Amino acid sequence: MSPVHYVALAVILFVIGGVGVLVRRNAIVIFMCIELMLNACNLAFVAFASLHGNLDGQVIAFFVMVVAAAEVVVGLAILMSIYRARRSASVDDANLLKY
Amino acid sequence: MSGVLAAGTNADVIARETLFWILAVISVAAALAMILVRRAVHCAIMLAVVMLCLATMYAMQGAPFLAFVQIIVYTGAVLMLFLFVLMLIGISSGDSIVETIKGQRLAAGLAAIGFLVLLALGIGHAAIGPAARPTAANGPTNLTGLSTLIFTTYVFPFEVTGALLITAALGAMVLAYRERTTPRPTQRELAARRLSSGQLAPDPSPGVYALHDAADRPALLPDGSTSDLSVSPVLSQRAVTEGPGFVPPEETVEITAEGGGREIAPSGRADS
């Protein structure tokens with residue numbers, strides 16, 4: 001398989017994740033869509049690593065995974081504290097800073 | 001796995017192409033389902049499917065270490081964390097169908113199409129060549145090659161990553177910590193509260209009927225009415241009982257007598 005196929009698949013998955021972030025209103029689902037976008041980026045990184053025949057892309061993908069794990073931990077903790085205050089996980093209800 | 005797939009014979013190429021197309025279709029379908037299904041738990045399951053497909057693709061592309069990290073860290077840890085938080089704060093948190101901002105979905109779709117065209121044009125112009133021949137770094141020495149890179153060229157980002165993880169762990173602890181604002185009631189105060197509440201005994205347990213026995217069924221009182229006290233309020237709050245065949249606690253007696261709900265046999269417990 002040529003790497004361009006993998007990159008095309010990564011693009012499609014990234015766009016789907018972006019649509020999910022824009023359309024969904026549940027904050028947890030939005031987080032999942034962000035994870036999908038990060039995964040798509042990882043796929044592109046690995047595809048380019050195999051295109052160039054070295055391991056740098058795989059190392060970057062590894063770092064992306066670590067950052068994604070940290071992001072999920074903090075994000076879900078924020079979600080939980082918002083849920084405690086507002087009793088809702090919907091992004092529409094977190095509107096205290098709205099004009 | 002990659003060692004087998006990277007052998008380079010014709011049959012291997014065909015097998016790899018077939019596997020790619022199968023996985024591509026599955027992962028795109030699962031990703032689409034993820035943004036379309038309403039319940040958050042189903043989204044998580046769809047995301048797991050996408051992640052497992054991607055892990056297989058990593059293995060096909062000569063990244064066995066990343067494939068296993070993807071399965072262990074993403075599907076194993078991150079997704080379980082998602083499910084854990086879902087259980088904590090919102091099994092019921094399906095999305096509302098109403099659009100809060102008018103035309104938002106249409107605008108999102110247009111923006112997505114535009115973005116897709118933009119990316120497709122960029123990649124189409126990029127002239128991506130064929131993959132380099134798989135080397136030993138894509139097979140048996142993948143792990144040593146990665147560790148050499150991480151601990152030589154990328155050692156500073158690696159250490160920054162450690163700092164980031166510690167900060168994230170601390171941040172999660174601080175955010176999830178709830179300070180007690182009132183002193184913990186002593187056993188004497190708890191006993192006094194129970195005495196003054198007028199109900200000394202614990203709440204009745206859920207109904208145990210001849211044919212049906214579930215936590216969402218109210219207990220039957222001696223006079224034939226049902227007791228709402230016996231059904232945990234968490235069930236209705238989380239809408240766990242909204243599935244097909246759910247019978248609201250008030251109507252349980254009448255409907256089970258007619259054989260509705262989730263009863264197995266129509267004869268119910270009408271006279272019990």
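Colleague: Which residue takes a positive phi just after α5(B)?

Modeller: A127(B), with a phi of about 55°. The model is predicted: local features need pLDDT of at least 70, side-chain atom pairs count only at pLDDT 80 or more, and totals for chains, interfaces and linings use all residues. Residues are numbered from 1 along each chain as its sequence is written, while chains are lettered from A and ligands numbered from 1 in the order in which they are written.

Colleague: How many helices and strands does chain B have?

Modeller: 10 helices and two strands. Both are DSSP runs numbered from the N terminus: helices are H or I with at least four residues, strands E with at least two. The order from the N terminus is α-α-α-α-α-α-α-α-β-β-α-α.

Colleague: Other topic. How many residues of chain B are in contact with chain A?

Modeller: 72, against 60 residues of chain A. Contact means C-beta atoms, placed from the backbone, within 7 Å.

Colleague: Which element of chain B gives the most to that side?

Modeller: α4(B), with 12 residues.

Colleague: And by class, what is on that side of chain B?

Modeller: There are 54 nonpolar, 13 polar and five charged residues. Nonpolar covers Ala, Val, Leu, Ile, Met, Phe, Trp, Tyr, Cys and Pro; charged covers Asp, Glu, Lys and Arg; the others, Gly among them, are polar.

Technical notes:
Contact = placed C-beta atoms within 7 Å.
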